[in-house]
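Here is a quick tour for anyone opening this model for the first time. Have a look around, then read on.

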Amino acid sequence: MAMKLVQFPQLFLRFALAMTMLSAVADRLGFWGDNSAWGNWQRFEEYTATLTFFLPPTLSRFSAYAATFLEIVLSLLLILGFKLKWTAIATGILLLLFALSMSVSLGIKAPLDYSVWVGSAAAFLLAVQQKPNNTGSLL
């Protein structure tokens, strides 16, 4: 019975983390229209350059692609529940890197406004949760 109580919150957390990252990807690809932060890839690359000011331009551009790739892959793995512990740890690390980069380049307010610290902490919490079932299903 205790495992059933963990099942829904864990599933909800997995989907919330995944949808948050996929929404950010959709934004940089222009899918959110007027409700976007970046609205297009070029503006996202400029934003990434701000966050990675310490990197050469080529590596900064690469980090924009790498972050986008990781956000898509990790989101899909979270939704599927595949290797959940390691996926959650990788998600937590990715979000922690975002939070640290935002804090250094933009100040502490930016990652707080976008709840990046909360997302990172939630991913790490997900990594240490007991597996809700052994069936391998989404539910």
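Is Lys83 buried or exposed? Lys83 is exposed, with a relative accessible area of 56% (exposed means over 50%, buried under 20% and partly exposed in between, using a 1.4 Å probe and protein chains only).

## Before we start

This is a predicted model, where local features need pLDDT of at least 70, side-chain atom pairs count only at pLDDT 80 or more, and totals for chains, interfaces and linings use all residues. Residues are numbered from 1 along each chain as its sequence is written, and side-chain values use heavy atoms, with hydrogens and water left out.

## Two residues with positive phi

Most residues other than glycine have a negative phi. Lys83 isn't a glycine, yet its phi is positive, at about 45 degrees. You'll find Lys83 in the loop between α3 and α4 (helices are DSSP runs of H or I with at least four residues, strands are E runs of at least two, and both are numbered from the N terminus).

Ser115 also has a positive phi, near 55 degrees. Its spot is the loop between α5 (109-113) and α6, and Ser115 is partly exposed, with a relative accessible area of 38%.

## The nonpolar cores

Nonpolar side chains tend to be buried together in soluble globular proteins. A nonpolar core here is a set of buried Ala, Val, Leu, Ile, Met, Phe, Trp, Tyr and Cys residues joined through side-chain atoms within 4.5 Å. The largest one has 19 residues, and Leu17, Leu78, Met102, Val116 and Leu126 have the most contacts inside it. Two or more residues come from each of α1 (2-28), α3 (57-80), α4 (84-106) and α6 (116-128), with α4 giving the most, six residues. Apart from this core lies another of five residues, including Ala24, Trp38, Trp41 and Phe44.

## Where α2 meets α3

The axes of α2 (residues 41-51) and α3 come within 9 Å and cross at roughly 115 degrees (axes are lines fitted to C-alpha atoms, for helices over the stretch in contact, and angles between N-to-C directions run from 0 to 180 degrees). So α2 and α3 are roughly perpendicular to each other (65 to 115 degrees; under 35 counts as roughly parallel, over 145 as roughly antiparallel and the rest as oblique).

Who touches whom? On the α2 side it's Trp41, Phe44, Glu45, Thr48 and Ala49, and they meet Ser60, Arg61, Ser63, Ala64, Tyr65 and Thr68 in α3 (contact means heavy atoms within 4.5 Å).
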